Amino acid sequence: MKTYYITTPIYYLNADPHIGHTYTTVAADVMARYKKERGFDVKFLTGADEHGQKVERAAADAGVHPQAFVDNLVSIYKEVWKTMDCDYDYFSRTTDPAHQETVKKIFKKLYDQGDIYKGSYEGLYCTPDETFFNERDVIDGKCPDCGRPVERVTEESYFFRMSKYQGALEKLYEDHPDFLVPVARRNEMMNNFIKPGLEDLCVSRTSFTWGVPVDFDPGHVIYVWIDALPNYITSLGFLSDKDSDYKRYWPADLHLMSKEIVRFHAVIWPCILMALGEPVPKQVFSHGWLQYDGKKMSKSLGNAISPKALVDEYGVDAIRYFLLREFTFGPDGNFTPTALINRYNADLANDLGNLLSRTVGMVDKYFGGTLPLLEAENSEFDNALGEMAKAMLGKVEDRMDALAFSEALNHTWDLVRRANKYIDESQPWVLAKDESKKAELANVLYHLAETLRIVSIAIKPTMPNTPAIICEQLNITDPALTTWESAKTFGLLHRSLTVTKGAPAFPRIEKDK
Ligand code: ME8
């Protein structure tokens, strides 16, 4: 069986997650579910990045031990992933003793082979982001990422000899143009970081203690990226005696993240892996920021939206659908309540919700809930709908494989809208008035039900709960009728199907809410 290993970043544990954090995790979850549907042996990793000065300070402010501080936040994060139906296989924690042991081994190995050396560092440091910047990157003494002031720091540090991997990294980018996508990010990394020459990287700190210690030099803790990035392999048992997952799933198929940490994943991480003599991930994909009022959503900017509040109001499937359908996966996207309500009402309440309730309602009204077994010739409308339904999943697959979630969903909704139009074309209410048109009428309703079956399969990865609602109302219980591949055939549903009327799947939202 082919494997598929996908990761999100491990999130900093300094605040409750907002809907921006969930953007990556939901996308990764959708991709993981999609690959499972396609028959892959999938592993999906998310987790928590728990060390560093910022956590140490926040815990001190809260008057608790840093471990207690991060344990509490981990449970909050896990609750949010449950709320968002994100079904991960590994929850990576950098305070996990096994992770720490492997990070120490990695550090020691790189030191022993001369890829880590001791020096002294002077630089401009953004504490909240735990990132050093060059003079040329800092804007008026402020961090180019978050806009907060940077501090000048001088200290004895260990360095990772990244400059040594200049040639190998350039070759990676040349040989594998898809290593980093979208192409704009690839160009940015090439032009801003790789071509100007890789600089050695500071990988230890002495100014705080909340981190993995350098065991051969007390006083130094391993600085964030050599601790955080290897989580993707420590979780698989790398350099431990339980490394079967590492052997099976590494290299990762996809690292997902937003643009501010691309450099770490697409420049520093491959250099670390090359130094370790291990394969690099197959692909790094960077999406944009979810913004609110044109600014990156973040707790510190005060524009963070709580995932739970949204899910309580609209339902988890609607929020997952909105995140992936509304914004193109790649550029930044602006989150607005109006866009959410419009999208919900148009696509979910009107298009999909109505298609289901009209179909079930008409089977109920015209045939008492069970379609009769009558022979009818297909009309041109029946044939057109059937052909479109059969072809839809192939188009979805093409777009999903390119991480073009919005386009993939749009292919499914093209069919949903087509089916609603088909109702208008076929005019079941006219057929119902004519006793001799009973077979034709049953055939129309059958085409609608079968289209809904196919739609319910295509939406499974994005909307994990809605297919059950559709199947319940159409009484689909045979697992053979809900497999991914079954959505490429039209006409599998039993002709004399029985429906069960249910509550509207997506009740309309009044705008003034
Ligand atoms: O950077 N829009 O953790 P982090 C879209 N610990 N995505 C967003 C977002 C927004 N407004 N806000 C956050 C770290 N994200 C490090 C990573 S990995 C070895 C270590 C998502 O908590 C997005 O994926 O700051 C971004 O890259 C990630 O959260 C950063 O999370």
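A crossing of two helices is left-handed if the near helix is turned anticlockwise from the far one by less than a right angle, and right-handed if clockwise. In this predicted model, local features need pLDDT of at least 70, side-chain atom pairs count only at pLDDT 80 or more, and totals for chains, interfaces and linings use all residues. Residues are numbered from 1 along each chain as its sequence is written, and side-chain values use heavy atoms, with hydrogens and water left out.

Helices (H or I, at least four residues) and strands (E, at least two) are DSSP runs, numbered from the N terminus. Helix α6 (residues 183–194) passes helix α10 (residues 262–276) in a right-handed crossing. The two pack at an angle of about 65°, with axes 11 Å apart. Axes are lines fitted to C-alpha atoms, for helices over the stretch in contact, and angles run from 0 to 180 degrees between N-to-C directions. Contact means heavy atoms within 4.5 Å. From α6, Arg185, Met189, Phe193 and Ile194 meet Val262, Arg263 and Val267 of α10. Five of these residues are nonpolar, none is polar and two are charged. Here Ala, Val, Leu, Ile, Met, Phe, Trp, Tyr, Cys and Pro count as nonpolar, Asp, Glu, Lys and Arg as charged, and the others, Gly among them, as polar.

Helix α3 (residues 66–83) has 18 residues. Its span from first to last C-alpha is 26 Å, close to the 26 Å expected at 1.5 Å a residue, where the expected span is 1.5 Å times one less than the number of residues. Buried residues (under 20% relative accessible area; exposed is over 50%, partly exposed in between; 1.4 Å probe, protein chains only) of α3 are Pro66, Phe69, Val70, Leu73, Val74, Tyr77, Val80 and Trp81. They lie on the same side of α3, because they cover an arc of only 130° around the axis. The arc is that of the directions from the helix axis to the C-beta atoms. These residues pack against elements including β1 (3–12), α1 (19–37) and β2 (41–49).

Threonine 22 lies in α1 and is buried, at 0% relative accessibility. Its contacts include Val80 and Trp81.

Most residues other than glycine have a negative phi, and most peptide bonds are trans. Aspartate 140 has a positive phi of about 50° and is exposed at 74%. The bond from valine 181 to proline 182 is cis, with omega near -5°. The bond from tryptophan 250 to proline 251 is also cis, with omega near 5°.

Definitions and conventions:
Lists of a residue's contacts leave out its neighbours within four places in sequence.
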